[in-house]
Each structure stands twice: as structure tokens, then as C-alpha cells.
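Hi everyone, thanks for making time this morning. Please have a look at it first.

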Amino acid sequence: MLEVQTPPGKLSLISPQVMNRLEERLREPQGFKSYSQIQQWLNQEFRIVVAYKTVHKIVRYKLNAKLKVPRPSSIKAKPEAQEAFKKTCHR
């Protein structure tokens with residue numbers, strides 16, 4: 001009766017140590033470019049097989065991190081016009 005009960009549930013595939021290492025790696029400038037790349041890294045480094053959806057949930061919602069992917073820029077963009085706009089734009 002005085003015993004504290006913990007609710008049953010599935011244990012995480014990724015240990016707290018691995019989660020910390022993943023968080024460090026996501027903070028690095030080169031980071032990861034895709035969730036598939038994270039899957040491969042987890043498999044190679046720690047021999048952990050995790051589903052794509054699980055990797056996405058962990059990275060995006062649990063660690064609040066984003067992938068290091070630059071936004072596409074137009075081929076027709078003129079650098080001079082962009083610089084002129086940046087100088088005259090009101091922020």
C-alpha cells in the first residue's frame with residue numbers, strides 16, 4: 001500500500017546517453033541533412049535500429065532540433081538586387 005507504483009509502458013529504444021550524444025551531434029555546424037542519415041548514424045555508432053517516424057518524433061519534438069538544410073535559392077536571383085534590398089528594407 002505504501003509502495004510507489006510506476007505506470008507500465010514501453011521503454012525507449014534510445015538510452016539517455018545515446019540521446020545526449022545525438023543532441024550534441026545535432027548542435028554541430030555540419031549536423032545531419034536528413035532523418036535517414038540520423039537512422040544510419042544510430043545504426044553504425046550504437047547498433048540501434050529505429051524507425052524513420054520514431055527518429056523524426058525524437059529529433060523534432062523531444063529534442064526540439066531541426067535539420068541543417070539550407071533553403072533553396074532561385075537561379076534567377078541577382079546578388080546585387082538582393083544586397084540593395086537588404087540595405088533599403090525597413091526592419
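Let me begin with Asn-64, which sits in the loop between H3 and helix H4 (79–88). When I say helix, I mean a DSSP run of H or I with at least four residues, while strands are runs of E with at least two, and both are numbered from the N terminus.

A word on what you are looking at: this is a predicted model, where local features need pLDDT of at least 70 and side-chain atom pairs count only at pLDDT 80 or more, while totals for chains, interfaces and linings use all residues. Residues are numbered from 1 along each chain as its sequence is written, and side-chain values use heavy atoms, with hydrogens and water left out.

Back to Asn-64. Asn-64 is not a glycine, and yet its phi is positive, at about 50°. Most residues other than glycine have a negative phi. Is Asn-64 buried or exposed? With a relative accessibility of 62%, Asn-64 is exposed; the cut-offs are under 20% relative accessible area for buried, over 50% for exposed and partly exposed in between, using a 1.4 Å probe and protein chains only.

There is another residue of this kind, Arg-47. Arg-47 is not a glycine either, and has a positive phi of about 55°. You will find Arg-47 in the loop between helix H2 (35–46) and H3. Arg-47 is exposed too, at 68% relative accessible area.

Now to H3 itself. Which residues of H3 are buried? They are Val-55, Ile-58 and Val-59. Looking down the axis of H3, these buried residues fall within an arc of 85°, so they line one face of the helix; the arc is taken from the directions from the helix axis to the C-beta atoms. On the face of H3 turned away from that buried side are the exposed residues Lys-53 and Tyr-61. And the buried residues of H3 pack against H1 and H2, where contact means heavy atoms within 4.5 Å.

Let's take those two partners in turn, starting with H2. The axes of H2 and H3 come within 9 Å and cross at roughly 100°. Axes here are lines fitted to C-alpha atoms, for helices over the stretch in contact, and angles run from 0 to 180 degrees between N-to-C directions. H2 and H3 are therefore roughly perpendicular to each other; angles of 65 to 115 degrees get that name, under 35 is roughly parallel, over 145 roughly antiparallel, and the rest oblique. From H2, Tyr-35, Ser-36, Ile-38, Gln-39 and Leu-42 meet Tyr-52, Val-55, His-56, Val-59 and Arg-60 of H3. Sorted by class, the contact of H2 with H3 has 6 nonpolar, 3 polar and 1 charged residues. For those classes, Ala, Val, Leu, Ile, Met, Phe, Trp, Tyr, Cys and Pro are nonpolar, Asp, Glu, Lys and Arg are charged, and the others, Gly among them, are polar.

On to the other partner. Helix H1 (residues 16–27) packs on helix H3 (residues 52–62) at an angle of about 70°, with the axes 12 Å apart. H1 and H3 are therefore roughly perpendicular to each other. H1 passes H3 in a right-handed crossing; right-handed means that the near helix is turned clockwise from the far one by less than a right angle, and left-handed means anticlockwise. Here Met-19, Leu-22 and Leu-26 of H1 meet Ile-58, Val-59 and Lys-62 of H3. The contact of H1 with H3 has 5 nonpolar, no polar and 1 charged residues.

That leaves H1 with H2. Their axes come within 12 Å and cross at roughly 130°, so H1 and H2 are oblique to each other. The crossing of H1 and H2 is right-handed. H1 brings Val-18, Arg-21, Leu-22, Arg-25 and Leu-26, and H2 brings Ile-38, Trp-41, Leu-42 and Phe-46. By class, the contact of H1 with H2 splits into 7 nonpolar, no polar and 2 charged residues.

I'll finish with two residues of H1. Arg-25, in H1, is buried, with a relative accessible area of 18%. Leaving aside neighbours within four places in sequence, Arg-25 is in contact with Gly-31, Phe-32 and Trp-41. Leu-26, also found in H1, is buried at 5% relative accessibility. Not counting residues up to four places away in sequence, Leu-26 touches Phe-32, Ile-38, Val-59, Leu-63, Ala-65 and Lys-68.
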